Amino acid sequence: MADMIRKEISDEVGEAEYFAVLVDESKDIMVHDLFMKKQKELEPTAQCVELKKLSDTRWACQYNAIWAVKKTLPAILATLRDIIGLSNPHRRTEARALSAIMDETFVVHLIIFEDVFRTTKFMSDQLQSATFDLEAADDLAQSVTTAISEKRTEDKWREIRNEAESLCVNAGIAPQMQRERRRAQTSRHLEGFVVEAPLERARLDTDDLRTHSFYPVIDRLLMEMKRRFSTETNEVLRGVSALSPKHTSFLDKKMILPMARHYRISEENLSAELYQVRRLLQRKEEQGHTITSTKEFLSLMRPYRDAFIDLYKLICISLTLPVTSVSCERSFSCLRRLKNYLRNTSGDSRTSNLALLAINTVRTRALDSDKIIDAFALNHNNRRIVLL
């Protein structure tokens, strides 16, 4: 029965229009299915890849989105070509516009950013660890900076161009960039005049993409990496690592001194405090007390903070210096769960207190609810509701 109906429709509107009717009836679902079908046709043994939404905040999400487009570019263009033949004018216009954008210049930029983002992705993933060491972050940043600087060569540019040409052939994109720059011809209507501005916007050739896209992207990324992980910043990070008991440079004066100078702490006082602290830690070890983290070191030094003022200050600073803003982003995610429609009218003070309780879950579970209720009842005797 289905074959008879299909034959009747095919006789009237044609096979292409019949397929268009099916796609138009099922809206976006059939377009997605068509995209999956094209992937299976082009690469039967490969696993289908979903396109990702572009994120403005997550570096890893941006790389995943670029990688998905590069991986499925032949299937994307094949899907757009089929959509152009559909009866829906709105979709046909969008598909035609996207197809016009995805030319050889687009492919070259896609290869450039996919390669650069791939180099920095593992660093972004590693920096999101809550227990990541600051000195290790410095070493990782230096290695990534060296790897990016090594890409600024003619050999790397030729590799990108060859990869872009191969991808264009697989996707069916006709080469449009000019290998040699053509001489601009002045219109005969402007003969006898001095022309200082370009008459029209010429298409970018190979040299233009290298000088206007490839090198500026590498230079800008190197500049941002060197700015964030500068020499002064690296010295402070090494000082933070020297205040961690599990690090090999624990309480090393040469490592801590640049950090102390940055925060205007006296070198003479710090030297005396470091000597006394080593003797104190040795005595504590003999008594069976061992420390394995900076937090435990701070707890051990808290009773002696008046005697070791400068060192105690450096320990507090080291615990408040984050490697990245991931902890802040996690607090925003927690706030989104708290600020729902039931608490939409709560004030800033109550919302802040709830956020602290939700973020510090370990300490929150350790609280005694009965003691909190009793303290609340004693401080609010005029309440009508009696808390038992």
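In helix α9, the buried residues (under 20% relative accessible area, with a 1.4 Å probe and protein chains only) are Lys156, Trp157, Ile160, Arg161, Ala164, Leu167, Cys168 and Ala171. Seen down the axis of α9, these residues fall within an arc of 140 degrees, taken from the directions from the helix axis to the C-beta atoms, so they line one face of the helix. The face turned away from this buried side carries Asp155, Val169 and Asn170, which are exposed (over 50%; values in between count as partly exposed). The model is predicted: local features need pLDDT of at least 70, side-chain atom pairs count only at pLDDT 80 or more, and totals for chains, interfaces and linings use all residues. Residues are numbered from 1 along each chain as its sequence is written, and side-chain values use heavy atoms, leaving out hydrogens and water.

Helix α9 covers residues 154-171. Its 18 residues reach 26 Å from the first C-alpha to the last, close to the 26 Å expected (1.5 Å times one less than the number of residues). Just after α9, Gly172 takes a positive phi of about 80 degrees.

The protein as a whole has 19 helices and zero strands, assigned as DSSP runs numbered from the N terminus (helices H or I, at least four residues; strands E, at least two). Of its 388 residues, 34% are buried. Among contacts (heavy atoms within 4.5 Å) with a separation of 6 or more, 65% join residues 24 or more positions apart.

Leu367 lies in the loop between α18 (361-365) and α19 (369-379). With a relative accessibility of 44%, Leu367 counts as partly exposed.
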